Amino acid sequence: MTADQERLYRYLLRDTTAGLDRARAELDMPDVERVAAELRALGLLHGACTAVTPANAVDLLVWRRVDETRRRLTELSVAWDVLAELTEEHRSGRSVRLVEHLTDSSSVTSRMQSLLEQDPREFVHLKRRACEPGNSYDAAPFQRLLAGGMRSRTLFSAHVLHEPGQAAYARSWHARGDLHRVTRETFRHMAVINRTVAFVQADPADPWAGALQIRQPGVVAMLAEVFEGMWDRAREVDDLSLSAVEQRVLDALARHDTDEAAARSINVSVRKFRAHVADLMRTLGANSRFQAALRAKERGWL
């Protein structure tokens with residue numbers, strides 16, 4: 001508080017019947033209305049001119065100072081980010097932005113290729129499919145980087161393994177050095193280069209909205225750790241087994257004639273059981289429960 005704010009607050013705290021007119025005269029404070037308005041804005045006065053209790057006043061002032069400190073720390077953080085950005089611009093002689101929106105897939109591919117050509121150390125990738133139908137991507141530059149020693153890992157959805165060519169494509173790149181694993185976890189497309197630059201979908205609801213290129217170190221480090229955790233939990237393409245829940249669902253499906261009885265046997269609702277069955281059918285690439293049972297038996301799951 002300012003000196004005038006503190007004088008008026010103490011005065012009104014001592015004399016709860018005093019008004020602003022008396023305070024103006026006794027404190028010799030011509031602009032007492034302005035000071036009172038400032039105290040109200042701080043939350044230290046309520047009503048006409050009633051001072052809050054000292055405990056509440058201290059609490060309000062402490063939290064106001066905490067908020068102010070938090071804002072200043074945020075400003076300092078932004079300043080450090082700007083410094084990192086300017087330092088990189090000075091080093092490289094080109095414009096650098098910590099977050100940049102690349103509006104189309106060709107721009108994203110071109111930017112990633114450029115970054116990898118400059119510093120081909122590590123590339124990690126989360127994507128829905130091992131290969132996209134109709135993709136005209138020129139793989140030769142990437143193959144050269146792998147041959148030169150670049151470390152690359154790709155994680156894609158186990159639910160697409162039943163699609164023609166997905167497993168074979170993954171195996172072929174795995175053999176060339178781009179290690180592939182599959183996951184059943186939910187994720188969005190993401191790539192991280194050398195743990196310094198990340199690419200994420202600009203709009204999760206719109207696959208055509210391009211990607212955000214992110215250079216902010218804290219965010220990139222967090223995304224890299226997300227990938228590492230998923231990679232550790234993932235399975236090899238040819239070593240995919242059922243989770244404990246999926247195994248229980250499959251066993252119940254094989255033992256019982258109705259969904260109601262199968263759901264009761266594993267203590268879940270019918271709706272939940274049917275959702276598990278749908279997930280299981282996607283994993284197996286089956287169009288019917290009969291086909292799912294056949295494929296599960298072929299894999300030794302039944």
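User: What share of the 302 residues in the protein is buried, and what makes a residue count as buried?

Analyst: In this predicted model, buried residues make up 38% of the 302 residues. A residue is called buried when its relative accessible area is under 20%.

User: How do you know what span to expect for helix α1, and what does α1 reach?

Analyst: The expected span is 1.5 Å times one less than the number of residues. Helix α1 (residues 3-14) has 12 residues, for which 16 Å is expected; from its first C-alpha to its last it reaches 17 Å, close to that value.

User: Why are the buried residues of α1 said to line one face of the helix?

Analyst: The residues concerned are Q5, L8, Y9, Y11 and L12. Viewed down the axis of α1, they fall within an arc of 165°, so they line one face. On the face turned away from this buried side, α1 carries the exposed residues A3 and R14.

User: Why are α9 and α11 called roughly perpendicular?

Analyst: Helix α9 (residues 244-255) and helix α11 (residues 270-284) pack at an angle of about 100°, and their axes are 10 Å apart. Angles of 65 to 115 degrees count as roughly perpendicular, and α9 and α11 are therefore described in that way.

User: Which residues make the contact between α9 and α11?

Analyst: From α9, the contact involves V245, E246, V249, L250, A252 and L253; from α11, it involves F273, H276, V277, L280 and T283.

Conventions
Residues numbered from 1 in each chain as written. Predicted model: local features only at pLDDT ≥ 70, side-chain atom pairs only at ≥ 80, totals over all residues. Heavy atoms only, no water. Buried < 20%, exposed > 50% of the residue type's maximum accessible area, 1.4 Å probe, protein only. Helix = DSSP H or I, 4+ residues; strand = E, 2+ residues; numbered from the N terminus. Arc of directions from axis to C-beta. Axes fitted to C-alpha atoms, helices over the stretch in contact; angles between N-to-C directions. Parallel < 35°, antiparallel > 145°, perpendicular 65-115°, else oblique. Contact = heavy atoms within 4.5 Å.
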